[in-house]
Amino acid sequence: MLRFCLALVAALTTAPAWAGEYNLAIDRRDVNVTGHPVSSITVNGQIPGPTLRFHEGEDVTIHVTNRLKEDASVHWHGMLVPAQMDGVPGLNGYPGIKPGETYTYRFKIRQAGTYWYHSHTGTQEQAGLYGALVIDPREPGPVKADRDYVVVLSDFKEENSDEILRKLKAMPGYYNRGRRTVGDFFDDVARDGLGATLRDRLDWGEMRMDPTDIADVSNYTYLVNGRSPQQNWTALFKPGERVRLRFINASSMSYFDLRIPGLKMIVVQADGQDVEPVPVDEFRIAVAETYDVIVMPKEDKAYTIFAEPISRAGYARATLAPRQGLEGPIPKRRPRAVLTMADMGMNHAGMDHMDTGHDGMSHGATGPGGMDHGMSDPKAGMDHHMPGMEGMDHRHGMDHDMPAAASTESGGPPRGWANASTPAGMKALQYSDLRSYKPQTDTRPPDREIVVRLGGNMERFIWTLNGAKVEDAKPIELKYGERVKLTFVNETMMAHPMHLHGMFVQLVNGQPAERLPNKHVVNVAPGATYSVLLTANEPGEWAFHCHLLYHMAAGMMTKVVVARMSSEASR
Amino acid sequence: MRLHYLSIGLGLAGCFAGAMMAAAHGGGDEFGKPSLFWAAGAEIDATNLDWLDDESGTLVTWDTFAWYGGDDLKLRLEAEGEAVDGKADESELRGYLSWNVADFWDLQAGVRHDFVRDHLTWAAVGVQGLAPYFFETDAHVFLSENGDAALRIEQSIDLAVTQDVFLEPHIEINAYAQDVPELGVGAGLASAELGLQLRYEITREVAPYVDLVYQRALGETSIIARSAGESVEETTLRFGLRLRF
């Protein structure tokens, strides 16, 4: 009897043994989303590529065939894989995939959730080489849904993807169509007075930076699952059902503010990892992040999924509808924010303590107390006559998407990077809301802190980590098993979605140590300082970069090397 | 074939060569392989001088550039000049190696060749970059084969009227360390040019413009001009096209 029981237990724990085989073919094809065919890079003939559905525990074999005339690669974003399977050319001996060749990836799936894949070669991701990747958990997870949709947001451009980078190098303001004009100057004088306006202009001029530079590349067509706003991708539901939407921001350069007017969204996963449910009205999704939400549409009508890029140059639109062919209203478009001196971490309002960096950094490990003083001020981010206060809030809080009422009533654009013009009373997701559903198993304090300064020069379109471009960068070397704190100090006026391959980082967001959320992308707001904790438990060379494609291509990347001690390596 | 056409031709050839080389280098597949880029631009305009007191004919001016290279080091070619009724008054070609030495500044060293007057060749060294408050700045010292030294400083700034219309005040100052009789200039400040360009960017690449330009000979040079019966100042309204690639 005992033997039988043991056998039964053994059978239950080992089975089912999944092993799947998948084929992806990368090819250049004409894709028509803008009204005429545009030469793009497709996976199995489509943009986005096919959604890969894996099972936790599965041994997957993925054959990727390159039918381009150039080298290609596929990287599994957010996936825990052996380093040589990570798909970054030049690391771990991975050569990329030569034209006409097939590369076979083999790895065991060690996680569940919503992830994605994309090229890590040149600018192919912008040209269309991306797709979703969904892993069903071994045990049913905490999230129940009647329907389950992948919603891939992306930015599509008719220009050749390499040519975009060249133009940014040749004419850095090429895509900025939100410059402050002579007229804006007089508007600002009328509102803020001549002295304040002049000082503002001189401050920016002294730094040779443009406060309207919030997205380097703009005027995209924004897609949902490869469909333009006109093509209106539609997901069906029956009123009363629970619908899971797996949002993936597969854009090359675009952050979105996303809402579904009329529906609360309950955030249940961030970056593929279960989090305690957070009901929100909207969220800002950084490039390469994913958020899974549950919505429960009750009415028999169409709801609009509306995602505005922070440049506000267009929008992505999709529809949740009880039947095909229905359309909800397009919500009122929101204004584009203008950066303030506070986004640069500098202003004249007497904030010298900020320069020490301590207030901005030390809050994380100690618990929620440190977070609150940034958010308890209901005027946070609203009072544009006091840009200094605004800046303090950004830097103290982790909330890159702090709710702030639109400041347009008094005229002028909303001030500050984080200002999404969220209406009063509406809840926008904040990083500090995220609590890991499963307790963290490693809650050790870090052995050491590694500071990573995010830098750049918009005039030359050069972007750096610790002052170095990728070709000059010193790798970050970690010992296997080591616990470190990575502290990102954003010295630029742009947000940077920092992505580490191969391992999750625990975002230090003011939650208790065992509830810190796992992230593969951490958005670092302009002028802000955020920390993450990392357990270096995956040996190999891992790319570590800003996930804005053209920042990475312009140098904002290095590698993190996790090395076993020599005695371990020989085993 | 007039030499100034050659200089324009060389500039354009540089663009094409740059484009070809950049295409050949594009899409690096190694981790951290630096990329090379290119850019080119031109401003070509024309005006009728007949309404001036002492001049006549059609004045054409050109100012073109092309570069090829990486973030740290670029090869840069520039051609600039002016012609009246097809006859060049000024025409020079400059070639620089351009090093990025500070965030906003390149140090440049190279040669300049004049295709008119004494066909002088000059050694050139200077800086190019963006000064605080967004002033595009060029400042170069030239040393001719005869041992004469010259200084040229140019600045301009773009003011957005709308997202497509830009007002660009610009200034150029030339000075010499000594009299250079063959060029008709005297020691000290020799000439200044002030302009106000209004341009409409149909695209970022193609922008027609009007440019109101006031030029004046200064100091010793103005005395030389006057004694030669030439005017010392001139105001022109020019109609042109700006190209950027």
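Predicted model: local features only at pLDDT ≥ 70, side-chain atom pairs only at ≥ 80, totals over all residues.
Residues are numbered from 1 along each chain as its sequence is written, and chains are lettered from A and ligands numbered from 1 in the order in which they are written.

The contact between the two chains draws 29 residues from chain A and 27 residues from chain B, two residues being in contact if their C-beta atoms, placed from the backbone, lie within 7 Å. On the side of chain B that touches chain A, at least two residues come from each of β1 (37-48) and β9 (159-160) of chain B; strands (E, at least two residues) and helices (H or I, at least four residues) are DSSP runs, numbered from the N terminus. The residues on this side of chain B comprise 13 nonpolar, seven polar and seven charged, where Ala, Val, Leu, Ile, Met, Phe, Trp, Tyr, Cys and Pro count as nonpolar, Asp, Glu, Lys and Arg as charged, and the others, Gly among them, as polar.

In chain A, a cis peptide bond with omega near -10° leads from Ile47(A) to Pro48(A), and Pro48(A) belongs to the loop between β2 (38-43) and β3 (49-55) of chain A. Asn225(A), which is not a glycine, has a positive phi of about 50° and is located in the loop between β10 (221-224) and β11 (233-236) of chain A. Asn225(A) counts as buried because it has 23 C-beta neighbours inside 10 Å; the term buried requires 20 or more other C-beta atoms within 10 Å of the residue's own, exposed means 12 or fewer, and partly exposed lies in between, with C-beta atoms placed from the backbone. Arg312(A), also a residue other than glycine, has a positive phi near 60° and is found in the loop between β18 (303-309) and β19 (316-321) of chain A. With 19 other C-beta atoms within 10 Å, Arg312(A) is partly exposed.

In chain B, helix α2 (residues 219-227) has Thr221(B), Ser222(B) and Ala225(B) as buried residues. These residues lie on the same side of α2(B) because they cover an arc of only 100° around the axis, the arc being that of the directions from the helix axis to the C-beta atoms. The cover over the buried residues of α2(B) includes β11 (188-200) and β12 (206-217) of chain B, while the exposed residues Arg226(B) and Ser227(B) are carried on the face turned away from the buried side. Gly229(B), with a positive phi near 80°, follows α2(B).
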